[in-house]
Amino acid sequence: MADTADTRTPAQIEADIRRRRATLAETLDEIGVRVHPKTIVGDAKAKVASNIDHTLGRAYVEVNRAVTDVRSRFVDEDGAPRLERVVPVALVVVGLVGLLAVSTRRRKG
């Protein structure tokens with residue numbers, strides 16, 4: 001059977017107790033801060049803001065990719081418009097606007 005007798009002096013035991021109390025007090029303070037409602041709300045707000053920033057960042061990248069793709073279809077590498085693609089689209093748009101104008105006149109008249 002092992003000898004479990006404490007060979008420390010009373011001063012060493014008291015110093016050890018003071019160290020353990022200080023450590024325990026720090027731990028309790030940390031726990032108190034972590035479970036405080038303001039800390040919990042602040043952490044939740046930070047997490048939501050982070051998620052929103054991440055989502056907005058991804059959305060920006062996707063929109064930028066789509067705009068670049070559409071632009072590449074109607075503008076060549078030098079920045080000049082591709083008339084073979086712009087003119088048909090413009091004609092379709094003008095036709096739709098004309099149809100809407102005629103439709104609106106018939107409803108009023």
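The sections below treat the basis of the model, its salt bridges and its nonpolar patch.

## Basis of the model

This is a predicted model, in which local features need pLDDT of at least 70 and side-chain atom pairs count only at pLDDT 80 or more, while totals for chains, interfaces and linings use all residues. Residues are numbered from 1 along each chain as its sequence is written, and side-chain values use heavy atoms, without hydrogens and water.

## Salt bridges

Seven salt bridges are present (a side-chain nitrogen of Lys or Arg within 4 Å of a carboxyl oxygen of Asp or Glu). A network of such contacts links Asp6, Arg8, Asp16, Arg19 and Arg20. Asp16 is buried at 15% relative accessible area, whereas Arg8 is partly exposed at 36% (buried is under 20%, exposed over 50%, partly exposed in between, with a 1.4 Å probe and protein chains only).

In helix H2 (residues 37-74), Arg65 and Glu62 are three residues apart and therefore separated by about one helical turn (helices are DSSP runs of H or I, at least four residues, numbered from the N terminus). The closest N and O atoms of their salt bridge are 2.8 Å apart. Asp69 and Arg73 form another salt bridge, at 3.3 Å.

## Nonpolar patch

Leu24, Leu28, Ile31, Val35 and Ile40 form a nonpolar surface patch with about 470 Å² of accessible area together (residues with over 30% relative accessible area and no salt bridge, nonpolar side chains being joined within 5 Å; areas by the Shrake-Rupley method with a 1.4 Å probe). Helix H1 (residues 10-35) contributes the most, with four residues. Leu28 lies in helix H1 and is exposed because its relative accessibility is 51%.

Notes. Patches are made of residues with over 30% relative accessible area and no salt bridge: like charges are joined within 9 Å, nonpolar side chains (Val, Leu, Ile, Met, Phe, Trp, Tyr) within 5 Å. Helices (H or I, at least four residues) and strands (E, at least two) are DSSP runs, numbered from the N terminus.
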